[in-house]
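I opened this notebook to keep track of what I looked up. Entries follow in the order I made them.

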Amino acid sequence: MASLHVRVVSPDRIVFEGEASAVVAPAWDGKVGILPGHAPMLSLIGSGELTLDRSGGGSEDFHVVGGVLKVERDMVTLLTEYAGDEPPKDAPDPEVVFVDQID
Amino acid sequence: MAGDADVKRRIKSVENTRQITRTMELVATSKLKKASDRVQAARPYADALQEIVGGLYSPALSEKYPILRRPKEVSRAAVVLLTANRGLCGGFNSNLIKQARNLMEDLRAQGIETELHIAGKKGVAYFRFRGEEITTEKVNVGDSPTVDDAEAIIAPVRERFENGQVDAVYLVSSKFKSAMSTPPHTRDLLPISGDENASSADVYILSPSGDMILERILPVYIRNAVYTALVENAAAEQGARRSAMKSATDNAGDVLEHLTRTYNRARQAQITQEIAEIVGGSAALE
């Protein structure tokens, strides 16, 4: 089965690198799902849960805040300001800020 | 034998110095390891960001965004200098300061006004002593710089560029080639020099749009350039300190050897003289 090679990168480290069968990411305007064979895409990221379905079953969740997502030839790269198991404390909600800017 | 006691005291003092420099060398070595790990860890983000910005950039956009503007004539440039907060790291700080001074002299020779933005106590102290005006300064960046540190340094500069108060921004910092080689390096931060022929934006689905993504990502790109420079600078500082302290320790060893010889020779001479006196004395009695 085809799989996605996923990298989640924050400025100071690679948070996750590995294979996944599906990715659900919090894009700027709502969740976006990515399966193998997805067309090349660049999208802004808002704030929320990033879910990676592992190829061998099970899934991994991260909380990400802001950044950009790139999909190309089954390579998914998510550059984010923050990624961790928990939402960051005392951070402004970039989704709210960003949606205001869009209008 | 006042000379004797003197030499002995100096031996003690050099021994103490060697102890300290050796400890500093060891501390720098362990900090260097951590710092160079951070340099490695910061690379994937920087590379990926570079790729995205390079792919999206097109000259037509520069009309729209102040951060992308390309002034036809540069009348005022900002020099952002990153130095260490502490000394005892050989020529590290003075090399950086010299690089910044040369850059400023070059710019002024071309009739361009300059302004200084400095992070690091050593740079601030030097230029304040010289009576240069420092536009912004920051002296609380630690051994492990954060993204927030980078933002705090560059935010005012970026604003000045967007407002048109400065037309170019240069970043002076140390490149971390290896622990032994940390040359000072000048980077043109703004205006952004995009890869003119690498526009691959057409093949992507862009959400919400190329412009929007650029607008959000460019400040991050600039900030990350500063962050990378800070991290490299921190590693370079430890590398420079390790080399400096290693040669200080070696030098202390040499001085110690020389002093010990002097001391032994003096002691030997004294004993010889005393024997000669005793022999002379007993010969006189016979």
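I started at a glycine: just after H3(B), Gly131(B) takes a positive phi of about 80°. My helices (H or I, at least four residues) and strands (E, at least two) are DSSP runs, numbered from the N terminus.

Ground rules next. This is a predicted model, where local features need pLDDT of at least 70, side-chain atom pairs count only at pLDDT 80 or more, and totals for chains, interfaces and linings use all residues. Residues are numbered from 1 along each chain as its sequence is written, while chains are lettered from A and ligands numbered from 1 in the order in which they are written.

**Helix H3 of chain B**

I asked which residues of H3(B) are buried. In this helix, residues 121-129, they are Lys122(B), Gly123(B), Tyr126(B) and Phe127(B). They sit on the same side of H3(B) because they cover an arc of only 115° around the axis. I took the arc from the directions from the helix axis to the C-beta atoms. Buried means that 20 or more other C-beta atoms lie within 10 Å of the residue's own, with C-beta atoms placed from the backbone.

I then checked what they pack against: strand E1 (76-82), helix H2 (92-109), strand E2 (113-119) and strand E3 (134-138) of chain B. Contact means C-beta atoms, placed from the backbone, within 7 Å.

**The sheet of chain B**

I traced an open sheet of five strands in the order E3-E2-E1-E4-E5 (chain B), with mixed pairing. Strands pair if DSSP finds at least two bridges between them. The edge strands are E3 and E5 (184-190) of chain B; each pairs on one side only. The twist averages 20° from one strand to the next.

Inside the sheet, E1(B) and E4(B) (residues 168-174) run parallel, joined by five bridges. Ala77(B) has Ala168(B) as its bridge partner in E4(B).

Helix H4 (residues 147-162) of chain B lies across E1, E2, E3, E4 and E5 of chain B, at about 175° to E1(B). Axes are lines fitted to C-alpha atoms, for helices over the stretch in contact, and angles run from 0 to 180 degrees between N-to-C directions.

**Where the chains meet**

How many residues does each chain bring to the contact? I found 21 from chain B and 20 from chain A. H1(B) gives the most to chain B's side, with eight residues.

A strand pairing also crosses over: E5 (residues 41-53) of chain A and E6(B) pair in the parallel sense over three bridges. Ser43(A) stands opposite Ser207(B) in E6(B).

Technical notes: A residue is buried if 20 or more other C-beta atoms lie within 10 Å of its own, exposed if 12 or fewer, and partly exposed in between; C-beta atoms are placed from the backbone. Two residues are in contact if their C-beta atoms, placed from the backbone, lie within 7 Å.
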